[in-house]
Amino acid sequence: MRISFYANTVEPHISLGYHQTLKFVNVVTNDGNLYHSPSGLFRPNRSGVYVFYVHIIQCYSGYQFRTELVVEGVLKAAHYTGGSINCSNGGGMAIVHVNAGDSVWVRVRTTEGKNYIGWESSFTGFLLYPL
């Protein structure tokens, strides 16, 4: 079974609050149909080691924006974007164990109250190997 997804375009993309889930609504790839754009959640039907990549474009100059990769409510990775006088980009990759049926998502970790997330921001994941 092939499991992978790639989605971009966060909605809503402005004035995001603390611990708000980022919903990447433009789904480009969704092998296995396991990423759900209305909720922003990825729920695999197979336990394994997964690779996730989060890329965030913050276009509210001078403000910092941090996000988290979360699996079943547990923080797995944190990302920093911001501080530039123009658009800033940030994000990162994580390799984590995920059980079948677990929820994986990206949420706002901290914000200075001013944020504008560019459409190029994305959330990607795929099964590296099953367990």
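Let us start with the open sheet, in which 5 strands follow the order E2-E1-E10-E5-E8 with antiparallel pairing. Strands here are DSSP runs of E with at least two residues, numbered from the N terminus, and two of them pair if DSSP finds at least two bridges between them. Strand E2 (24–31) and strand E8 (88–98) are the edges; each has a single partner strand, so one side of each is left without a neighbour in the sheet. On average, neighbouring strands of this sheet are turned by 15° against each other, direction ignored; the axes behind this value are lines fitted to C-alpha atoms, and angles run from 0 to 180 degrees between N-to-C directions.

A word on what you are looking at: this is a predicted model, in which local features need pLDDT of at least 70 and side-chain atom pairs count only at pLDDT 80 or more, while totals for chains, interfaces and linings use all residues. Residues are numbered from 1 along each chain as its sequence is written, and side-chain values use heavy atoms, with hydrogens and water left out.

Now follow E10 and its partners. Strand E1 (residues 4–10) pairs with strand E10 (residues 122–130) in the antiparallel sense, over 5 bridges. Within this pairing, Ser4 stands opposite Phe126, and the bridge partner of Phe5 is Gly125. E10 is also joined to E5, again antiparallel, by 8 bridges; here Val49 stands opposite Tyr129 of E10.

Stay with strand E1 for a moment and find Asn8. Is Asn8 buried or exposed? With a relative accessible area of 5%, Asn8 is buried; the cut-offs are under 20% for buried, over 50% for exposed and partly exposed in between, using a 1.4 Å probe and protein chains only. Its side chain makes a polar contact with the side chain of Thr9 at 3.0 Å, and another of 2.8 Å joins the side chains of Asn8 and Asn26. A polar contact is a pair of N or O atoms within 3.5 Å; within protein, one must be able to donate a hydrogen and the other to accept it, and residues adjacent in sequence count only if both atoms are side-chain atoms. Leaving aside residues up to four places away in sequence, Asn8 touches Phe24, Val25, Asn26, Val28, Trp119, Ser121 and Ser122, where contact means heavy atoms within 4.5 Å.

A cis peptide bond joins Glu11 and Pro12, with omega at about -10°. Ser15 lies in the loop between E1 and E2 as well, and has a positive phi of about 55° although it is not a glycine. Ser15 is exposed, with a relative accessible area of 58%. His19, found in this loop too, has a phi near 65°, a positive value in a residue other than glycine; His19 is partly exposed at 32%.

What lies in the nonpolar interior? The largest nonpolar core has 27 residues, and those with the most contacts inside it are Leu22, Phe24, Phe42, Phe52, Leu69, Val104 and Phe123. Such a core is a set of buried Ala, Val, Leu, Ile, Met, Phe, Trp, Tyr and Cys residues joined through side-chain atoms within 4.5 Å. E1, strand E5 (48–58), strand E6 (64–71), E8, strand E9 (104–111) and E10 each supply at least two residues of this core, and the largest share, 4 residues, comes from E5. Rings of Phe, Tyr and Trp (its six-membered ring) pair if their centres lie within 6.5 Å; planes under 30 degrees apart count as stacked, over 60 as edge-to-face and the rest as tilted. By this rule the count comes to 10 aromatic pairs. One of them, between Tyr50 and Phe52, is stacked, at 6.1 Å centre to centre with 20° between the planes. Tyr50 is buried at 0% relative accessibility, and Phe52 is buried at 1%. Phe5, Phe24, Tyr35, Phe42, Tyr50, Phe52 and Phe123 form one aromatic cluster.

Finally, look at Ser39, in the loop between strand E3 (35–36) and strand E4 (41–42). Ser39 is partly exposed, with a relative accessible area of 27%. The side chain of Ser39 reaches the backbone nitrogen of Leu41 at 3.2 Å. Not counting residues up to four places away in sequence, Ser39 touches Thr21 and Lys23, and its C-alpha atom is separated by 8.5 Å from that of Leu22, 17 residues apart along the chain.
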